[in-house]
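Me: I am new to this structure and would like to learn how to read it. Could you take me through it one feature at a time?

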Amino acid sequence: MAMATHGRRWLSAGLAAALAVLPAVPEVRAAAPAKASDELNAKISALAQEAQTRFETADYAGAIELWTQAYAALPNEPAYDKRRNVLAYQIAQACVEAYELDPQLVYLRKAERLFDNYLQTISAKDKNTTAKVQGTLGELREKIRVAEEREAADKQVAAETAEGEDDGAALLAAQKASEAREAEARANAEREARRARRLTIAGGALTGAGAIALGVMAYGLARGARVDRDGEAAKADGVTDPAVYRDLLDQGTAANTLAIATAVVGGVLVVTGIGLIGAGAAGQHRARRDLGLAPTWLRGGAGLVLQGRF
């Protein structure tokens with residue numbers, strides 16, 4: 001490959017030398033002064049020589065630019081076709097070399113187009129040159145095929161990498177969302193548990209107070225019953241003092257009032273307390289259930305995990 005490249009560089013140098021000595025026009029036309037023709041020849045030769053220097057020092061982009069300037073400076077007339085063809089060949093060769101340093105597919109495609117156009121200008125009798133250019137085109141098209149396959153593979157890898165990054169970002173977002181939902185569920189469950197404990201404590205206190213009130217009611221009923229018995233005993237003993245019966249009546253009335261009042265208060269407290277205890281128990285059950293089934297992120301998706309506290 002190194003020998004082939006070296007050979008191409010000597011060929012390019014030979015073409016540049018040929019370009020410098022090729023006559024600009026076979027014969028001097030009356031309408032084009034000799035001075036103008038000499039100036040054009042000097043300009044083309046200077047550009048070609050500078051381009052050749054750039055080519056030999058591996059500044060292929062610079063060589064392409066200078067040879068392109070020389071090509072553009074030549075009039076688009078049949079008399080200049082040979083020189084234009086030489087320049088096109090040199091530009092194509094510089095594109096091939098430029099690709100070796102900077103593998104941009106555009107270099108190879110441009111070289112293919114220029115070599116193909118150059119092939120059309122070769123005389124049908126020049127079988128040797130035709131075969132060489134066709135061989136160069138074959139090698140170039142194989143390079144283009146390999147480069148296109150590599151470029152397609154690189155794009156596929158890049159797309160798969162980007163897709164993988166998108167999937168990773170989506171999984172991370174799902175994990176964060178699941179963790180946020182889990183934290184919120186735990187906070188709600190803990191608030192529910194604290195509320196349920198407060199209800200249970202309050203229900204227990206009210207139930208206890210109601211039990212005490214009902215105990216006082218029982219005392220009042222017992223006191224009233226004893227007063228009734230004392231009254232019956234006084235009658236049996238023949239007591240006729242009204243003051244005794246008034247005193248017994250007052251005691252009975254007070255006992256009955258106490259029994260009735262504490263019965264109402266105690267009943268309300270007990271019923272309310274039992275209701276609060278039931279609500280607290282239900283709340284604690286819900287809190288344990290919510291803490292036990294907490295949403296969580298799993299590899300491959302979100303789900304529920306059974307948890308518990310002991």
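**Reading the model**

Reply: At 36% relative accessibility, Ala58 counts as partly exposed, since that class lies between the 20% and 50% limits. Keep in mind that this is a predicted model.

Me: Where is Ala58 found?

Reply: Ala58 sits in the loop between helix 2 (34–56) and helix 3.

Me: What phi does Ala58 have?

Reply: Start with the general idea. Most residues other than glycine have a negative phi. Ala58 is not a glycine, yet its phi is positive, at about 65°.

Me: Now the overall layout. How many helices and strands does the protein have?

Reply: There are 7 helices and 2 strands in the protein. Their order along the sequence is α-α-α-α-α-α-α-β-β.

Me: What share of the residues is buried?

Reply: A residue counts as buried when its relative accessible area is under 20%. Of the 310 residues in the protein, 28% are buried. The protein exposes about 19,200 Å², and carbon and sulfur atoms supply 60% of that area.

Me: What share of the contacts joins residues 24 or more positions apart?

Reply: Take the contacts in the protein with a separation of 6 or more. Residues 24 or more positions apart account for 67% of them.

Me: Next, helix pairs. At what angle do helix 3 and helix 4 pack?

Reply: The angle compares the directions in which two helices run from N to C. Helix 3 (residues 60–73) and helix 4 (residues 81–101) pack at about 165°, and their axes are 9 Å apart. Helix 3 is therefore roughly antiparallel to helix 4, because angles over 145 degrees count that way. The crossing of helix 3 with helix 4 is left-handed.

Me: Which residues of helix 3 and helix 4 meet?

Reply: From helix 3 come Tyr60, Ile64, Trp67, Thr68, Ala70 and Tyr71. Their partners in helix 4 include Leu87, Ile91, Ala94 and Leu101, and also Arg84 and Glu97. The residues of this contact of helix 3 with helix 4 divide into 12 nonpolar, 2 polar and 2 charged.

Me: How do helix 4 and helix 5 cross?

Reply: The axes of helix 4 and helix 5 (residues 105–121) come within 8 Å and cross at roughly 155°. Helix 4 is therefore roughly antiparallel to helix 5. Helix 4 passes helix 5 in a left-handed crossing.

Me: Which residues of helix 4 and helix 5 meet?

Reply: Among those on the helix 4 side are Asn85, Ala88, Tyr89, Ala92, Cys95 and Val96. The helix 5 side includes Leu108, Lys110, Ala111, Leu114, Phe115 and Tyr118. The residues of the contact of helix 4 with helix 5 comprise 15 nonpolar, 3 polar and 1 charged.

Me: Is Ala111 buried or exposed?

Reply: Ala111, which is found in helix 5, has 0% relative accessibility and therefore counts as buried. Setting aside residues up to four places away in sequence, Ala111 touches Ala92, Cys95, Val96 and Leu140. A distance along the chain can also be set beside one in space. Ala111 and Tyr89 are 22 residues apart in sequence, and their C-alpha atoms are 8.6 Å apart.

Me: At what angle do the axes of helix 2 and helix 4 cross?

Reply: They cross at roughly 20° and come within 12 Å. Helix 2 and helix 4 are therefore roughly parallel to each other, because angles under 35 degrees count as such. Helix 2 passes helix 4 in a left-handed crossing. The contact is formed by Asn41, Ile44, Ser45, Gln52 and Phe55 of helix 2 with Arg83, Gln90, Gln93, Ala94 and Glu97 of helix 4. In this contact of helix 2 with helix 4, the residues divide into 3 nonpolar, 5 polar and 2 charged.

Me: One more residue. What is Leu269 in contact with?

Reply: Leu269 lies in helix 7 (residues 242–292). Apart from neighbours within four places in sequence, Leu269 is in contact with Leu206, Thr207, Ala209 and Gly210. The C-alpha atoms of Leu269 and Gly203 are separated by 8.8 Å, and the two residues are 66 apart along the chain.

Note on methods: Residues numbered from 1 in each chain as written. Predicted model: local features only at pLDDT ≥ 70, side-chain atom pairs only at ≥ 80, totals over all residues. Heavy atoms only, no water. Axes fitted to C-alpha atoms, helices over the stretch in contact; angles between N-to-C directions. Helix = DSSP H or I, 4+ residues; strand = E, 2+ residues; numbered from the N terminus. Parallel < 35°, antiparallel > 145°, perpendicular 65-115°, else oblique. Left-handed = near helix turned anticlockwise from the far one by under 90°. Contact = heavy atoms within 4.5 Å. Nonpolar A, V, L, I, M, F, W, Y, C, P; charged D, E, K, R; others polar. Buried < 20%, exposed > 50% of the residue type's maximum accessible area, 1.4 Å probe, protein only. Areas by Shrake-Rupley, 256 points an atom, 1.4 Å probe, with all protein chains shown as cover.
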